[in-house]
Amino acid sequence: MITSTANPQVKNLQQLMKKSSVRKEQGVFLAEGVKMLLEAPPERIRKIYVSKSLYEEKGQAFFPHADLELLDDRVYRAVSDTKTPQGVLCLIERFSYTLADLTHKANPFLIILENLQDPGNLGTIIRTAEGAGADGVILSNDSVDIYNPKTIRATMGSVYRVPFLYADDLKEVLSDLRERGVRSYAAHLGGACAYDEADYRQGCAFLIGNEGNGLTADLSACADTLIRIPMHGKLESLNASVAAAVLMYEACRQRDNL
């Protein structure tokens, strides 16, 4: 059992929590909590760190993985990213997807995110994408790291099941998708039609922009159609994850009624 915060493994866990560059270099990410442990693909779990108190509560049979490290409760609190530590931290191998992985089904249904910055928003979008039946999420390279611990926590396990990738140039991605028969719809204040007037039963991709500034003019101009979400009151726009949810579930509704 590790009893000191000076232990090299503890120091490494703290770096993995804080720095995306360290996560990328080591090819791993951290997922905290019993739910995240139970839903993680077993073949991707490199190691499990468990607090002494949780291990005593659950018993050895609950943790069948061979590579398990016990941490003193005080030490575990030092590596946890939550105010109320959940007692188990999984070191998991990162995922790798290609555009082909996201578009191999007939009539793909995708979400494209430009310069999204809030980890909670991204995690919520990933979780909603699974619920709405989306086939994947594509992000610009300047978006928040999907392996940020706050993002991972907000996905509630969906990060294990929703394919995603980062792209150097979203305009090239849109061109590639168009060749694959996927039509793009940009959520935009200047949209010519309301979001529920378009037909999403064929291949479709929704574009969602930065929380504060929305989509850039350059990317909006590359979309096939600009759509708007009608607003009452003095609002100009919705939270990025809420807007994404509105659009995804309209596509879900249409596709369920095929």
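Analyst: Let's start with a cut-off: a residue is called buried when its relative accessible area is under 20%. Keep in mind that this is a predicted model. Now take Y200, whose relative accessible area is 0%, so Y200 is buried. F206 comes out at 1%, so F206 is buried as well.

Those two residues also pair up. A pair of aromatic rings is described by how far apart the centres are and by the angle between the planes. Planes over 60 degrees apart count as edge-to-face. For Y200 and F206 the ring centres are 4.8 Å apart and the planes stand at 75°, so this pair is edge-to-face.

How many aromatic pairs does the count come to? The count comes to 12 aromatic pairs. Another one is Y147 with F164: their centres are 5.9 Å apart and their planes at 70°, so they too are edge-to-face.

One more ring has a charged neighbour: K58 lies over the face of F62, 4.9 Å from the ring centre.

From here, have a look at helix α9 (residues 170-179). Its buried residues are L170, V173, L174 and L177. Looking down the axis of α9, you'd find these buried residues within an arc of 100°, so they line one face of the helix. On the face of α9 turned away from the buried side you'll find the exposed residues E172 and E179.

The two ends of α9 are worth a glance too. At its start, a side-chain oxygen of D169 comes to within 2.9 Å of the backbone nitrogen of K171. After the helix comes G181, with a positive phi near 85°.

Last stop, the largest pocket. Its volume is about 490 Å³, and 22 residues line it. Nearest its centre lie A187, L189, G214, E236 and S237. The elements giving two or more residues to this lining are β11 (225-228) and α11 (240-256).

Terms used: Residues numbered from 1 in each chain as written. Predicted model: local features only at pLDDT ≥ 70, side-chain atom pairs only at ≥ 80, totals over all residues. Heavy atoms only, no water. Phe/Tyr/Trp six-rings, centres within 6.5 Å; stacked < 30°, edge-to-face > 60°. Buried < 20%, exposed > 50% of the residue type's maximum accessible area, 1.4 Å probe, protein only. Lys NZ or Arg CZ within 6 Å of the ring centre and 35° of its normal. Helix = DSSP H or I, 4+ residues; strand = E, 2+ residues; numbered from the N terminus. Arc of directions from axis to C-beta. Polar contact = N/O pair within 3.5 Å; in protein donor to acceptor, adjacent residues only side chain to side chain. 1 Å grid on protein atoms, 1.4 Å probe; cavity = no way out; pocket = protein on both sides within 12 Å on 5 of 7 lines; lining within 4 Å. Points joined across faces, edges and corners; volume = space filled by probe spheres on them.
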